[in-house]
Amino acid sequence: MIDPKDNAYLWIVIVGFIIAFILAFGIGANDVANSFGTSVGSKVLTLLQACIVASIFELAGAILIGSKVTDTIRKGIIKIDSFNGTEQLAMAGALSALTGTSVWLLIATFLNLPVSGTHSIVGATIGYALVALGKSGIIWIELGKIAASWVISPLLSGIISSLIFTGIDKFILKSADPLISGLFSLPFMLGATLLINLFSIVYSNSDAFGLKMFCWWHILLMCLGVALLCAILVRVFFNPWLKRKIISADEAKASYQFTNTKEKVLFDNSGVELTFAGSKERSHSTRSVVSYVADIMVQPKETEQLNHDDPCSAQLFKYLQILTATFGSFAHGGNDVSNAIGPLISLWLIYETGKVSGKAQTPIWILLFGGVGIVIGLCVWGRRVIKTIGENLTPITPSSGFAIEIGSALTVLLASNLGIPISTTHCKVGSIVMVGRVRSREVVDWSLFGGIVISWIVTMPITGGISAGVFAIVRAAIK
């Protein structure tokens with residue numbers, strides 16, 4: 001057991017906090033950035049707005065629903081009790097895991113590759129544990145469950161998102177009047193989004209909300225009531241306002257386009273000669289000229305139709321995507337942020353208490369410390385991965401972005417409630433690719449997707465190798 005008053009190992013704690021901040025920076029630049037890639041890529045949120053949402057809801061998610069997953073990383077993958085009596089080795093292991101994860105995340109971000117923070121930390125944890133404890137120190141059943149979830153999660157998330165987008169495409173985007181169909185569907189979509197997320201959050205944290213005495217269906221009814229109330233308010237108050245706003249903006253745009261058209265088209269009522277964009281053509285009437293110009297301006301190419309929502313639909317899904325981005329940020333905080341700073345939590349608890357403990361309470365100030373680094377990383381270097389996710393992999397629109405985010409958020413929140421540290425990155429990329437495939441096979445960059453998959457495959461070996469090497473060096477230094 002380590003004497004908490006002994007400063008012989010203080011240097012490990014200091015170096016650990018420095019590396020943990022670098023790791024948090026890497027998480028912000030890579031992991032959080034890919035979570036907000038769809039929102040920024042569809043122009044629903046700016047990078048500054050994404051940073052603000054992240055700073056609030058990432059921390060809230062980590063504090064409220066992050067403890068289950070942190071425990072899985074900290075004591076569910078390796079036999080942490082095996083370090084009793086050799087606490088200094090457990091500290092060295094935590095430092096090694098932080099180093100291996102941070103190095104790989106920075107490298108992946110430099111290469112514009114979205115990789116999993118969860119994947120990285122698990123690989124780094126196994127790496128040092130194999131050196132310290134051997135194969136017997138790994139809980140292989142738990143690792144098998146986690147590994148299976150990494151395959152299942154992108155498929156499940158992609159299927160859910162694809163089904164949602166298919167419904168949106170059929171009943172709203174391709175309807176006779178997308179505005180009317182969208183306004184009719186908006187309260188239902190918002191209510192369903194609230195119900196799914198509220199129940200997942202409140203049920204898994206009933207103690208924090210003072211609802212421990214209620215069973216699951218009581219909580220479900222409460223969340224259903226809140227969702228129904230919000231849906232009614234949206235139908236009565238928000239829908240009429242949004243309809244007026246969309247129609248007003250549409251009329252202003254049409255007036256602007258017609259004014260520009262009149263300036264560019266010169267013709268007389270007899271239809272003798274006209275000039276359009278510097279070229280001369282013949283026309284028989286004013287009506288045919290205006291129709292010709294309108295066709296050129298209004299009718300987009302097939303690829304443009306794939307890459308852009310109808311303007312009215314875009315306004316509808318803009319608000320829904322902001323809502324799902326918020327819940328997605330909360331879900332990411334609960335599942336990924338706490339995972340990444342799990343080694344730092346272990347390092348501090350060992351130094352503070354003098355023993356290895358799997359039951360110690362996670363200090364909130366460490367979560368806040370990690371959150372600062374995450375936000376800085378997102379703001380300073382997040383553009384690289386955001387561009388890969390939001391632009392290069394496949395074009396994102398507000399409608400497809402909504403389907404992607406709600407599908408992946410549902411998958412991640414479900415996993416958080418079960419205490420399974422699945423990859424938010426895998427869920428988001430799986431949804432992006434499958435929704436892109438549903439929209440059109442040609443708009444998915446399959447070569448880029450292949451590179452991303454390769455980066456996923458090598459993540460655990462790389463982080464595990466770095467962590468094992470660092471652990472061997474630190475172990476030799478403290479003996």
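**Basis.** I used residue numbers that run from 1 along each chain as its sequence is written. In this predicted model, local features need pLDDT of at least 70 and side-chain atom pairs count only at pLDDT 80 or more, while totals for chains, interfaces and linings use all residues, and side-chain values use heavy atoms, without hydrogens and water.

**Helix 6.** I took helices as DSSP runs (H or I, at least four residues), numbered from the N terminus. Helix 6 (residues 140–173) has 34 residues and reaches 47 Å from its first C-alpha to its last, close to the 50 Å expected; the expected span is 1.5 Å times one less than the number of residues. I found a bend of about 35° at Ile 152, with Pro 154 following within four residues. The bend is the angle between axes fitted to the seven residues ending there and the seven starting there.

**Helix 8.** I noted that Trp 216 lies in helix 8. Trp 216 is partly exposed, at a relative accessible area of 48% (buried is under 20%, exposed over 50%, partly exposed in between; 1.4 Å probe, protein chains only).

**Helix 12.** I compared the end C-alpha atoms of helix 12 (residues 342–353), which are 16 Å apart, with the 16 Å that its twelve residues should span, and the two agree. Ten of the twelve residues are buried, so helix 12 is largely enclosed by the rest of the structure. Among the buried residues I listed Pro 343, Trp 348 and Tyr 351. Gly 354 follows helix 12, and its phi is positive, near 85°.

Conventions
Helix = DSSP H or I, 4+ residues; strand = E, 2+ residues; numbered from the N terminus.
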